[in-house]
Amino acid sequence: VLFEPPQTFKAGFPSEFLTGAVDTRFKESFGVFIVREETGAIYAIKAVCTHLGCTPNWLEAENKIKCPCHGSGFYRTGINYEGPAPRPLERYRIVLADDGQILIDKTRSFLYEKGEWAYPESMLKVA
């Protein structure tokens, strides 16, 4: 029997996420970092390095996402800036569910290099 976590999950209400912070509570269970920008925008980053698929870590003191395998570094936005990673981290679909909670859909990802971060469901805009 193979157990796989659900591909969609509710992450809580937008008010539960600190502005300017990277939330790591869903990294182990769902492979997702949730970021809330100073503008209030929220997005879900796939916690898989684009180099060879290792699981990166959020380093609060250094204000970056860092892959422990080969040293790739990413800004909190997911943009790569150091190491061998050839492209930014991917974002998952993020919307508000009917009950007002954040719904993350891992069946749909958005790639920066294809201009998909401009798509409405790649980021949740909240006040």
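E113 is partly exposed in this predicted model, with a relative accessibility of 41%. E113 forms a salt bridge with R87. The closest N and O atoms of this pair are 3.3 Å apart. K46, R87, E90 and E113 are linked in a network of salt bridges.

R87 also approaches T50. The backbone oxygen of R87 lies 2.5 Å from a polar atom of the T50 side chain. T50 sits in the loop between β4 (42-46) and β5 (57-59). T50 is buried, with a relative accessible area of 13%. Its contacts beyond four places in sequence are F74, A85, P86, R87, P88 and L89.

The whole structure holds 11 salt bridges. One of them joins K66 and E82, with the closest N and O atoms 2.9 Å apart. K66 lies in β6 (residues 64-66) and E82 in β8 (residues 80-82), so the pair ties together parts 16 residues apart in sequence. Both are partly exposed, K66 at 22% and E82 at 24%. R93 and E121 also meet through their side chains, at 2.7 Å from N to O.

Six strands form an open antiparallel sheet in the order β1-β10-β9-β4-β3-β2. Its edge strands are β1 (8-12) and β2 (21-23). The twist averages 35 degrees from one strand to the next. Strands β9 (residues 91-96) and β10 (residues 102-110) pair over six bridges. L96 has I102 in β10 as its bridge partner.

Notes:
Residues numbered from 1 in each chain as written. Predicted model: local features only at pLDDT ≥ 70, side-chain atom pairs only at ≥ 80, totals over all residues. Heavy atoms only, no water. Helix = DSSP H or I, 4+ residues; strand = E, 2+ residues; numbered from the N terminus. Buried < 20%, exposed > 50% of the residue type's maximum accessible area, 1.4 Å probe, protein only. Polar contact = N/O pair within 3.5 Å; in protein donor to acceptor, adjacent residues only side chain to side chain. Contact = heavy atoms within 4.5 Å. Pairing = 2+ DSSP bridges. Axes fitted to C-alpha atoms, helices over the stretch in contact; angles between N-to-C directions. Salt bridge = Lys/Arg side-chain N within 4 Å of Asp/Glu carboxyl O.
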